[in-house]
Each structure stands twice: as structure tokens, then as C-alpha cells.
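Have a look at the model below, and then let's go through a few questions about it together.

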Amino acid sequence: MEEFLQHSLNGLSFGSIYALVALGYTMVYGILGMINFAHSEIYMMGAFMCYYFALWMGFQTPSPINFTLGLLFAGLMAGAIGFLVEKFAYKPLRKSPKMNSLITAIGVSILFQYGGQIIFGANPKSFPTLIEDQNLFEIAGSQIHLIDLLIYGVSALALLGLHFIIYKTQTGRAMRAVSSRPDMSPLMGIDNNKIISMTFIIGSVLAGIAAVLVSIKYPKIDPMMGSKIGMSAFVAAVFGGIGSLHGAIIGGLMLGVGEYYLIGYGASTYRDALSFTVLILILLYKPTGLFGSQLKEKI
Amino acid sequence: MIRMIQISRWTQALIFLIGFLILGIALHFFLNSYIHAILISFMINAIMALSLNFITGLADQFSLGHAGLMAVGAYTSALLSKELLSDHWFFIPLTVLAAGLVTSFVGYLVSLPSFKLKGDYLAIVTLGMAEIVRVLILNWNSVGGPRGYNAIIKFPNFLLSYSFSVFVLVVTFVVLFRLKKSWYGRNLWALNEDDIAAEVMGLDLVQSKRNAFIISSFFAGIGGGVYAHHLGYISPGSFSFLISVQILIMAVLGGLGSMSGSVIAAFILTILPEVLRSLPTGSVDVRMIVYPIILILMMILRPQGLLGRMELLEFLRSKNWIRS
């Protein structure tokens, strides 16, 4: 029972990360109908930006201020990178067949991974300790770490912020408009290009924040770190119903917890296959995902 | 008009066959084993690119897991020849054919969940399939697990293995080429142009695309089989995501929908890394920098690839470089 609780708590903290990354996929898919394969590389760049920021600022001792600064910087830079990728790689292809933007997305993703290996080096780097981890308290025999609490807290804040932007502001209203009828929204005075850029930026900021949180918990970063988490997060998005924000969050949490049970109960070599198995089952039996509201269309 | 196309189609195949055979005999006597190995890997690449081009170029469905299908074919063929067929090179064509059949069954299984929704789900499912295949092989000890499967039977000399590869490549090319020009290929084209109109005309969208993926998987498995018996050693690492990307870029560079384009692109992209080998990039595989740049630039500047949908002769004719 203790073990079960511990796995659940770990799973929840990893699941919140999946949820943050999955939101980026689901938002871009909702607005452009395209799988943004480069999203996992933006996540990776977030971690590296924070790493170099910490080196450059000379962060020696862990402190909450350093942590906050690192988090904000990574979020900002990831947002900027997401904006640039959209502007230079995807925007010229807005009018061409979807296949072309998909191929470009894969190209961008590989370019970041291997370009990163040349620029940052292929060996894993150890991430600076921005904040000291400690056991805060125990619930029913399982320990609650500060970092896990931070992950829950920061993810919850980010999700609340996102919810506020999407449902309470003018930009969010415009995003929902573009997502439901991209051909009609310009008639209502919405600049589609601006809204699409905005979507990429918001998704990328969330990915950058997620990257820093993960890197503090598992302080090894390398240029390939994005691909695995990116795939799992994408699966989480499909699981929850791609295009649905709440679906992405719940899908991410469930997938994270599921993976930790697999690891905890001794099938860790099959962990990588889990998310894809889930994906295939979802596509077979409930293709719209848990919360997918879109009408069922063929191919 | 019809008669003329028919002649040029056969001439095309014949030119390939004779040219390759003469080249093979010449190479067998005059060149070293390095060139031999490159030549065979060009043909394997071409088979894989053709296979991918059929599903991506003609059926407009994206597969990111062709390396996984290739792995299924390679391991099937290697296992069959080692465990069942007494390890004799004479049986290689048989096991390769069996590999194709097994892989097309895997392709059928993959196609079941993939065509339920509009969108690029085949890309994700195939990506996942490749990953699942890799994880299963890693955990499967009797085929070596992560150490790889070695001492697979090979052809005794270059000329035999060359002729076999040429034979497989030509068969792949001719079958896929004729399928493209057939009633079925035109159905796929119609479905790409306007699926609703095509369905109104009585075409079955899901079934057509599913069949296209099964055919594509068959040839991917064949390619994997040839690969296994060419190298004599396979490991889960030989079928990584990078291989899928490499196959994809060949199909895209040649022109999606152009079978001869795929062969040409496979040739270029097999030679290119050998030329780039001297560049100083440390431990990083330079191909993986050059490939994505080619991909992105191609998509922005010339999204239809070298030949577009046209075949080589059609392309040359359209440019008035040869008389029709």
C-alpha cells in the first residue's frame, strides 16, 4: 500500500509534466490540424537555455530566487524559439498540403536534435541545482519531496494561467474562434497569423517550464531528451482527445501514473512501449479520445 | 497512345535490368568490396524508398515506422533461414519472400487502428509500431536481444548477391510502377484529390488506403530480408528512427508519387554520406544535419521533389529534353 501510494505520487508529478507538454501538442493541433513534431525539441531547448542561463548568471547556491529566474528565463526563451520555428519553418507552408508541413516539422525536430549535439555536445550535462530537494513530510509512510510539490504547484499555476488566457481574455476567445472556423475568423477582425503565433508561443512556454521542472528532478540533460517525453506527451494528448485542453491534462496525468506503476512493479524495460500500446488501443476503441468533441471523420 | 506508354514502360524496366547486370559483372571483376557494399545498400535503400513512396506518395498517408517494418522482415528472414531451412543460401529468396508476407501481416495489424480518424494517425501509429518492435527485439534473448543477431547466412559471392538484389529491386519497381498506373493507383490518386467526390463515385477510402499500406509493408519486409542477408548481422540499433527518416527523405527528394524518382534519390543519398564522410563533425552523424536541412529547404522551395509525380521519362519529355 505504501509502495502504491509512492508510485502514484511519483506518477502524478511526472504526469503533470506530460500534461504541460501535451497542451502544446493539443493546442497546435486544435488550431492548425498539424502534429508539431518539433514541440519536443522546444522542450529540450528550454532545459538547455536554463542550463546556460544558470552558468552565465553564476548560480552557485540553490535558492528559490534562482529557481524562479531559471523557470521564467526558460519559459521566455522556449516561447521565442517556438515563435521563430513557426515563423520560418511552418508559416511559408501554411497554404501547401498538410503532408509538407508534417515533413518540415520532422526536419526541424531532427535538425534541433543533431544540431544540438554539435553545439551543446552529445554527452549528458548535469543540470545545476537550482533548488535544494528535501523531504517535507510523510503521508501514510510515503515521503513528499519539495520538488514534487513544486512540480504540482507550478504545473497547477501554469494550467490555471492557461485556462485564464483561453477562456477569459480576448486573445483566448480569438484562439477558440480560429480553432473552430479558421475561414470565418478573419471576417470577425481576427488576424489568424497573429493568433497562430500566439498559440505556438504559449505552448512553447509551457514546454520550457516543464523542461526545467523535469531537469531539476532528474538533473541530466542531453539534446535527445525531448523525443521520448514528446512522444508520451503526444500520446497523452490523443488519449485525452486531441484538441481538447482538459483532455490533455487528464490524459497526461493518467499516462504518468500508469508508467510509474509499470516501472514500480517490475516491467520497466517495457516502459517505452506502454505509451504506444495505449495509443493503439485508444485509436482502435475510442478514436476521439476521452474528451474529444470533434465529429468523427474518415481519414 | 496507349501502345506507346506500354512500350516505354517495358523499355524502362529492360534498360534498368540490362544496365545493372552489365554493371554488376564489370564491378565484380574490377572493383573492391567497399564499392560492392555501397551498391547493394543502394539497392536496399531503393527498395525501401519505393515501398514508402507507395504509401506516402500515392496513398498520401505518412509512415514514420518503415524501419520497424524492415526490422520485422529482417528478423523473420534471418530466423527462418537459421531455424527452419538449414542455413543454406539457396533458400534465401524463399525466406525473403516469407519475410515480406509476415511483414505485410504486421502492416495489416498496424492498419487496423490507423485509419479510423482523419489526420496523420498512421504516422504516429507506425512510429509507435517501430518502437514496440524495437523494444520487443531488445527483450527477446534467443535472437540476441541488444547484442544483435549474427552469423546470418549470406550469398557466397558478390555476383549472386548482386543479381538477387537487382532482381528484387526490379520486381519491386515494376510491381509498384504498374500499380501506380493501374485502376487501383488511379483510385488512390482520386481519393487524394477529393475524397468526397471519389467516395461518391463508389471508391472505398479506408479499404483502399489500408491495402496500400499492406502492399507497402510487404515490400518493406522484403527490403529488410535482403538487408539481413546482405550484412549477415542485424541488431535493434540497425533499425532506429534515423533509418525511417532516411527512407522518408529518399522518397521526398525523388518526388512523392514518382517511382523512378525514389530510385534516383536513393542513389544520390547512398553516395552522399560516403562523400561527406571526411567532414570533421566529431562523433555526430553528419547525415543527420544535412538530411533535415535538405528536407526543410525542399519543402519550402521545391515541395514536389526532383521529379514531382512524374516518372523519369515523363519528366524528361515534359521538359522537352528527349523527344516523345
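Q: What order do the elements of chain B run in, from the N terminus on?
A: In this predicted model, the elements of chain B go α-α-α-α-α-α-α-α-α-α-α-α-α from the N terminus on. Counted up, the secondary structure of chain B is 13 helices and 0 strands.

Q: Why does the radius of gyration of chain B agree with a compact globule?
A: Because a compact globule with 324 residues would have a radius of gyration near 20 Å, and chain B has 19 Å, so the two agree. As for its extent, the C-alpha trace of chain B spans about 50 × 45 × 45 Å along its principal axes.

Q: What makes a residue of chain B count as buried, and what percentage of the 324 residues are buried?
A: The test is 20 or more other C-beta atoms within 10 Å of the residue's own. Buried residues come to 47% of the 324 in chain B.

Q: How do you know that contacts in chain B join residues at least 24 apart in sequence?
A: Take the contacts in chain B between residues at least 6 apart in sequence: 80% of them join residues at least 24 apart.

Q: What makes chains A and B count as touching, and how many residues are in contact?
A: Two residues are in contact if their C-beta atoms lie within 7 Å. Here, 35 residues of chain A are in contact with 37 residues of chain B. On the side of chain A that touches chain B, helix H4 (98–120) and helix H10 (271–285) of chain A each supply at least two residues. H4(A) gives the most, with 14 residues.

Q: How do the residues on that side of chain A divide into nonpolar, polar and charged?
A: The side of chain A that touches chain B has 24 nonpolar, 8 polar and 3 charged residues.

How values were computed
Residues numbered from 1 in each chain as written. Chains lettered and ligands numbered in written order. Predicted model: local features only at pLDDT ≥ 70, side-chain atom pairs only at ≥ 80, totals over all residues. Helix = DSSP H or I, 4+ residues; strand = E, 2+ residues; numbered from the N terminus. Nonpolar A, V, L, I, M, F, W, Y, C, P; charged D, E, K, R; others polar. Rg over C-alpha atoms; globule rule 2.2 N^0.38 Å. Buried ≥ 20, exposed ≤ 12 C-beta atoms within 10 Å, placed from the backbone.
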